[in-house]
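Here is a short tour of one protein model, meant to be read with the structure open beside you.

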Amino acid sequence: MELAQIRYFLEVARTKHMTNSAKHLHITQPALTQAIHRLESDLGVPLFVPKGRNIMLTEYGKYLQKKLEPLILQLDEIPEQLNMMMKLESETIHMNVLAASGLVMEAIIAYKKKYEGIHFQLQQNVESELYDIAIRTKLFYQGMNVKNSFACAEKIYLAVPKNEKYEDRSSICLAEVAEEGFVSLLGSREFRYICDRFCQHAGFTPKIIFESDNPSAVKNMIAANMGIGFWPEFTWGDIENEEIRLLEIEEPVCQRDIIINYNKNKTDNQNVIAFYTFLTEFFEKRKKCSGE
């Protein structure tokens with residue numbers, strides 16, 4: 001059955017009149033009659049029988065009408081549903097958050113307060129290119145040639161307990177803590193890779209005494225004086241625990257770049273670009289505040 005045949009049949013089944021149906025369908029009455037006869041021939045059963053000047057459905061016709069009406073209704077709803085999907089998709093921003101997740105969440109919360117209709121879907125997948133906006137990190141000297149991107153340099157400090165060993169220190173060479181226990185992110189995280197490289201440059205492999213895939217857990221463990229750890233200057237914020245202090249690392253240079261980029265993979269990228277602009281400004285403001 002062709003879609004046109006189905007529509008013709010349902011219209012005739014509704015009016016029970018060939019001439020009126022032809023007018024509604026904007027075709028000639030002979031053309032409509034021929035289409036109905038061809039449908040009956042294809043199905044091998046009669047769908048209508050004469051009744052005076054009108055026609056009526058056979059039992060086969062009634063059965064076919066019952067089966068086809070829900071289907072054609074669903075077909076007619078598809079364009080509107082697709083338009084709704086497109087609208088929802090344009091209002092959903094897909095993000096691949098591989099760095100600075102805490103600060104990104106702060107930005108999303110702030111943005112949602114202003115634009116409630118915008119939705120976010122987050123993933124953490126190093127291999128994925130299916131995103132609207134990605135946030136990743138690299139060593140400052142590695143560089144990254146990415147279109148539609150923003151790079152923000154961030155200094156990395158060493159978080160240590162405020163005890164006799166460190167009480168008079170404001171800076172330190174990383175090699176001095178080669179025997180200390182480190183609290184760290186899991187090795188799958190890009191920030192962990194960067195910090196391990198810092199230690200390698202200082203001539204040692206860090207002794208990891210606690211690791212987690214949750215930056216908050218790492219921050220809390222360092223704040224609880226369970227070990228020492230690397231602390232990103234502005235994405236992790238200030239240390240509130242008075243027993244912990246941040247030391248500037250003299251050697252090697254401990255710095256990373258946070259890269260934010262967006263893809264032009266939608267028909268309408270307006271919402272993506274708007275949030276990208278907000279997010280980059282959010283990072284810039286936080287960096288300025290941390291530097292004051």
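## Inside the core

In this predicted model, Val-177 touches Leu-158, Tyr-166, Ile-172, Phe-182, Phe-204 and Ile-228, leaving aside residues up to four places away in sequence. Val-177 also belongs to the largest nonpolar core, which has 29 residues. Along with Leu-158, Leu-174, Phe-198 and Phe-230, Val-177 is among those that touch the most other members.

Which elements build this core? At least two residues each come from β6, β8, α6, α7 (215-223), β10 and β11 (244-251). Helix α6 gives the largest share, with 5 residues. There is also a second, separate core of 27 residues, including Cys-152, Ile-258, Tyr-262 and Phe-275. As a general background, nonpolar side chains in soluble globular proteins tend to be buried together.

## A closer look at helix α6

Helix α6 covers residues 190-202, 13 residues in total. From its first C-alpha to its last it reaches 19 Å, close to the 18 Å expected at 1.5 Å a residue.

The buried residues of α6 are Glu-190, Phe-191, Arg-192, Ile-194, Cys-195, Asp-196, Phe-198 and Cys-199. Their packing partners are all strands: β5 (133-139), β6 (149-161), β8 (181-185), β9 (207-212), β10 (229-232) and β12 (255-262).

How many disulfides does the structure hold? The number is 0. Cys-195 is in no disulfide, and its nearest cysteine sulfur, in Cys-199, lies 7.3 Å away.

## The whole protein

Stepping back, the secondary structure comes to 8 helices and 12 strands. The radius of gyration is 33 Å, well over the 19 Å that the globule rule gives for 292 residues, so the protein is more spread out than a compact globule. Along its principal axes, the C-alpha trace spans about 110 × 35 × 35 Å.

Buried residues make up 42% of the 292 residues. Among contacts with a separation of 6 or more, 76% join residues 24 or more positions apart. The accessible surface comes to about 16700 Å², and carbon and sulfur atoms account for 51% of that area.

How values were computed. Residues numbered from 1 in each chain as written. Predicted model: local features only at pLDDT ≥ 70, side-chain atom pairs only at ≥ 80, totals over all residues. Heavy atoms only, no water. Helix = DSSP H or I, 4+ residues; strand = E, 2+ residues; numbered from the N terminus. Expected span 1.5 Å × (residues − 1). Buried < 20%, exposed > 50% of the residue type's maximum accessible area, 1.4 Å probe, protein only. Contact = heavy atoms within 4.5 Å. Disulfide = S-S within 2.5 Å. Rg over C-alpha atoms; globule rule 2.2 N^0.38 Å. Areas by Shrake-Rupley, 256 points an atom, 1.4 Å probe, with all protein chains shown as cover. Core = buried A, V, L, I, M, F, W, Y, C linked by side-chain atoms within 4.5 Å.
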